[in-house]
Every structure is written in structure tokens, then in C-alpha cells.
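Dear colleague,

Please find the structure below, handed over for your files. My notes on it follow.

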Amino acid sequence: MDGGGRFARSLTPRQTPAGKRTGAATGDSTRSVRARLPARSAPVSERTRFLDRTIIGGRRLLVGLCTSRAVFTGAGAWLTAALFVATGLYGMERGGHMPAAIETARDMGDAAANLAGLRIASVNLSGQNHVTPGDILATAGVKPTSSLLFLDAEGARMRLEELAWIKRATVQKLYPDRLDIQIVEREGFALWQKDGRINVIARDGTVIAPYSDDARYIRLPIVVGDGAQTSVVEIVEALSLVPGVRDQVRAAIRVADRRWTLKMRNGVDVRLPEQGLNDALEQLALLDQQKSLLSRDITIVDLRLPDRVSVRLSDAAYAAREAELKAKAKAKKGSSS
């Protein structure tokens, strides 16, 4: 038996008693052996051979790395250093010192960049009206020692757009030392009153700022109630079509977030329908123009039904009308007798 576990056999043919050689195959034996061989498989593709070689090579490389001393030389020192760094970072995070550490690292980076001539020397601001330049620079993170290299322009833009007044911001770094910040502010569209507080809101209903005696806010329309801020465009645009009515409106009150009631300056309430808002306002404008409806001694004008207009008299007007009707009835009775 050889080293591979196979039986050794002589390469020289030897005679058998029957006169036949052994150790060398005869023609018949050759045919019988060939008959027992399996059919040859199809040719292996080049891609398969490449993948096989890649897998075998990867295994050999992995075994070599695992048995190489060079890989493990100094590994303990590196692992120890990494453990100390991770422990330090965890301690700073738990102790609340991480922001200060990040700020210190940023200041060090700014100092190095400033020595290389990348200090922010000029900032060009445009588009601001309500937001002060100081607020813009502070929000963007621009300080006297800031460098253009380490300023995060995208982060500055996102922080600026979080301010209520700012709708859109653009921050551009112009190397080596100039920063350009463009602002698009929201415009005050209406005043929204809720829970006793009045805020200036934009067209999309975003609360911009608390109300103040600023001259820019005095002529803004007033809407009241839950949901009024999200439906403000509907009522403001509808009233703009009937300026004669709009100029008499003190506030528009949102009712159950379904419809509007107008509070007029003389105290009259105009109840508007859920559907057909524009038609109801046109009808109100026509009645006021032809019959001075809103100037009469009434308290409520109800336009919620499309086929009729209901009016409620004030208490004084009701009492006067009752007295007038009684006087007429008495006079009629006297004349008939």
C-alpha cells in the first residue's frame, strides 16, 4: 500500500498461468473499463472557473491572514486604545459634555483653517425683512472666528428654515472667504385668534409671530377658532370679491371647522353656508346695496339655506315692532266699531 492508501502494483506485466499478462490492460479489458466510466460532463464555463478560482483564492488569503503574525502584531495596543476612546466618548455623552467637546474640536479646526486664509471675511445677506441679521448669523452658526472650510452650509440652511418667518433659505460658500445667504420670508396673511391669543399667520396657516401693534398687521383680516388658520385663504379670497361687505367685517369665525360666521363691525352676525360660500356673499352684497340690510336694527342674518334669507331683529327693534303692530290692531278695531 502506498502513502495515499492505494495498493501498489507492478508496472511490468507478468505472465498468468493461462498465458495472459496482468498489470497491462488487454483490448477486452480496456473496452470493459471504458464501458464502466461515467459520461463526460459538459464543458465548464469561463465564468464558473473564475468564480471557483476566486473562492479558492479568498479561502487561502483568509487562512494566510489568520496564521500570520504580522496581523496580530500590536493588536492588543490598538484594542486597548480603542477601548479608552470609546469609554471617554461614552462618559462625555452621559455627562452632557459632548456638545462642548464638539464645539472645541470645531474651534480648533476653524483656527487651523483661518491660518490657511479661509476665515469668513464677508457675509452677503439678502431678502430679510422681519428677521434681523444677528438672528440669521447666529442661527446659521457664523461667528467672528468661523472658517469657510468647516461651515456646514446644508446644516445652516436647515436651521434657518426652522425659523417661523423664513420660508426658504440658500447658503453658498464662495471660496476663499465669502459667504452668501439668501432669505425668502413668509408674508403676514391674516391674524388668527384662538384661546384669547392672537398670532400673525402666513397664507399656509403657519404661525409666524405673536400679534403686536406693528403697522404692517393692523389691516390684516382676523379669523377666529379651531381650523380657521388652515381655511383662511377660502374666506379671505371670497370676501375680496365683495369689497362692500368685506369693509364691514370685523372678524370671520370658524364654526365646527365646517362653515363661517361673519361678525360685522356693527355687531350683526352673518351665518354663511357650508357650500356655496361665494353665492351667499353675493346675495348679501346685493341685499345690502338695494335694501341696506346690514344697516338695519337686526342682530342676525342667516344665509345657510339657499332658498331663503332669515333675519332676527334686535330686542329694541322687536319691542318697537310689537308696539307698532298692537297700535295698528287697536286702530283697526276702533275704526270697525
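Two residues are taken to be in contact when heavy atoms of theirs lie within 4.5 Å. Helices (H or I, at least four residues) and strands (E, at least two) are DSSP runs, numbered from the N terminus. The model is a predicted one, in which local features need pLDDT of at least 70 and side-chain atom pairs count only at pLDDT 80 or more, while totals for chains, interfaces and linings use all residues. Residues are numbered from 1 along each chain as its sequence is written, and side-chain values use heavy atoms, with hydrogens and water left out.

Overall, the protein has 11 helices and 14 strands. Of its 337 residues, 25% count as buried; buried means under 20% relative accessible area, exposed over 50%, and partly exposed in between (1.4 Å probe, protein chains only). Among contacts between residues at least 6 apart in sequence, 44% join residues at least 24 apart.

I turn next to the helix pairs. In H6 (residues 133-140), Ile136, Thr139 and Ala140 meet Ala156, Arg159 and Leu160 of H7. By class, this contact of H6 with H7 has 4 nonpolar, 1 polar and 1 charged residues (Ala, Val, Leu, Ile, Met, Phe, Trp, Tyr, Cys and Pro count as nonpolar, Asp, Glu, Lys and Arg as charged, and the others, Gly among them, as polar). The angle between H6 and H7 (residues 153-160) is about 130 degrees, and their axes are 8 Å apart. H6 is therefore oblique to H7; angles under 35 degrees count as roughly parallel, over 145 as roughly antiparallel, 65 to 115 as roughly perpendicular and the rest as oblique. Axes here are lines fitted to C-alpha atoms, for helices over the stretch in contact, and angles run from 0 to 180 degrees between N-to-C directions.

A second pair is formed by H8 (residues 232-240) and H10 (residues 277-291), which pack at about 35 degrees with axes 10 Å apart. Glu234, Ile235, Ala238 and Leu239 of H8 make this contact with Leu277, Asn278 and Leu281 of H10. Its residues comprise 5 nonpolar, 1 polar and 1 charged.

The largest nonpolar core has 30 residues, of which Val223, Ile235, Leu262, Val270 and Leu272 touch the most other members. Such a core is a set of buried Ala, Val, Leu, Ile, Met, Phe, Trp, Tyr and Cys residues joined through side-chain atoms within 4.5 Å. H10 gives the most to this core, with 5 residues. Apart from it lies another core, of 24 residues, including Val131, Ala140, Ala156 and Ile208.

Several backbone features deserve a note. Tyr175 and Pro176 are joined by a cis peptide bond, with omega of about 15 degrees; Pro176 lies in the loop between E4 (166-174) and E5 (178-185). Asp195, although not a glycine, has a positive phi of about 55 degrees, and is found in the loop between E6 and E7 (197-201). Asp195 counts as exposed because its relative accessibility is 61%. Ser292, also not a glycine, has a positive phi near 50 degrees and sits in the loop between H10 and E13. With a relative accessible area of 37%, Ser292 is partly exposed.

Finally, Leu313 lies in strand E14 (residues 310-313) and is partly exposed, at 33% relative accessibility. Leaving aside neighbours within four places in sequence, Leu313 is in contact with Asp297, Ile298, Thr299, Tyr318 and Arg321.

With kind regards
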